[in-house]
Amino acid sequence: MDLQCLDHVHFSVPDLARAKRIFGPFLNGRFTDDYGGPEVNAFGVWNTSGGDFIEVIDPGKPVFGGSTIPTHGILSVSFRVAEIDAGIAQARELGLVLRSRIGSEDIGLGKNVVQAQFLAEPVSGLSLELIEHQLPGEYVSLTDATVDHVELGVARNVAFDRAVGALERIFGSAFEAEGIDPERGLRSRLHRRLGIRLTSPLAEGANGRTATGDWRPGLRAIAFRCADLESAIASARSAGLVVARRFSSGVLPEIEFEPWANTIVRLVGRGGA
């Protein structure tokens, strides 16, 4: 597919105000005014760097006139395309199933974007959408702005290489070489241009231990680049996040926090944040 870049990420959260405190310092954009209300069963807020946050009122009812959102976490990633209908046609040729196509004009917000949401890619489980920006302007990719990667965990019953191949067909280009992380008991491959890191538990973890038993497949983590790692850790702690582990991703220091709203936040010590 002709995917230009990672445009934004959708989150379902229990508390918009706290989501702003946690993610705001790392997204490097500004938050819009909150929108929505009981009539659409949710409140939402957008960060101009590429974060879309939704607080659902009743998880058993449709949200914004669409489907229900019963759980918290990273809902989907959105890839930018030049023309939405051409992107939909490419996706369908690759076997993706269109769930909805909606534009900002369709919901009374004026001409701005058109988005197409798909059912999860059946092998890897990736939930994705496409977005076309309709207005002229300079749109920065989320990976250029601040995000190192969004992590997609592969289900234990899915062969890792098969999931890699399925996404390479969608992405139209290859992942980087596989990395083994014995400390966390994971194997991973990064698609740097599109900001997706695919991971899967090893059969054996460090020192022969089995890999983590609480493995949760799907979109499970987001990692932000930080030029000043200690300052970023202090900011995260001030928002209530608790450091879980410190790692080195290759030669780069990496901080992982306890999950909040089914989302793991990571900080990667890398310049250019």
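Me: Two strands pair if DSSP finds at least two bridges between them. In strand S12, which residue is the bridge partner of Glu151?

Reply: Helices (H or I, at least four residues) and strands (E, at least two) are DSSP runs, numbered from the N terminus. The bridge partner of Glu151 in S12 is Arg197. S9 and S12 run parallel and are joined by four bridges. S11 and S12 run antiparallel, with six bridges between them; here Ser188 has Thr199 of S12 as its bridge partner. The hairpin of S11 and S12 has four residues between the strands, and Gly195 takes a positive phi near 70° there.

Me: What should I know about the model and its numbering?

Reply: This is a predicted model: local features need pLDDT of at least 70 and side-chain atom pairs count only at pLDDT 80 or more, while totals for chains, interfaces and linings use all residues. Residues are numbered from 1 along each chain as its sequence is written, and side-chain values use heavy atoms, with hydrogens and water left out.

Me: How many residues of S12 are buried?

Reply: Buried means under 20% relative accessible area, exposed over 50%, and partly exposed in between (1.4 Å probe, protein chains only). Six of the six residues of S12 are buried, so the strand is largely enclosed by the rest of the structure. Both of its faces are covered, with Ile196, Leu198 and Ser200 buried on one side and Arg197, Thr199 and Pro201 buried on the other.

Me: What end-to-end distance should helix H4 have?

Reply: The expected span of a helix is 1.5 Å times one less than its number of residues. H4 has twelve residues (160–171), so it should span 16 Å; its end C-alpha atoms are 16 Å apart, which agrees. After H4 comes Gly172, with a positive phi near 80°.

Me: Which residues of H4 are buried, and which are exposed?

Reply: An α-helix has 3.6 residues a turn, so residues three or four places apart point the same way. In H4 the buried residues are Phe160, Ala163, Val164, Ala166, Leu167, Ile170 and Phe171. They cover an arc of only 165° around the axis, which puts them on the same side of H4; the arc is that of the directions from the helix axis to the C-beta atoms. Asp161 and Arg162, on the other side of H4, are exposed.

Me: Which strands does the buried side of H4 pack against?

Reply: Contact means heavy atoms within 4.5 Å. The buried residues of H4 pack against S5 (73–80), S8 (128–133), S9 (147–153), S11 (186–191) and S12 (196–201). Val164 is one example from H4: its relative accessible area is 3%, so it is buried. Leaving aside residues up to four places away in sequence, Val164 touches Phe175, Arg189 and Leu198.

Me: What caps the N-terminal end of helix H2?

Reply: Glu83 does: one of its side-chain oxygens lies 3.3 Å from the backbone nitrogen of Asp85. In H2 (residues 84–93), the buried residues are Ile84, Gly87, Ile88 and Ala91. They cover an arc of only 100° around the axis, which puts them on the same side of H2. These buried residues pack against S6 (98–103), S7 (113–118) and S8. Gly95 follows H2 with a positive phi near 95°.

Me: Which strands does S8 pair with?

Reply: S5 and S8 run parallel and are joined by four bridges, with Leu128 of S8 as the bridge partner of Val77. S7 pairs with S8 in the antiparallel sense over five bridges, and Gln115 has Ile131 of S8 as its partner. Five of the six residues of S8 are buried.

Note on methods:
A polar contact is a pair of N or O atoms within 3.5 Å; within protein, one must be able to donate a hydrogen and the other to accept it, and residues adjacent in sequence count only if both atoms are side-chain atoms.
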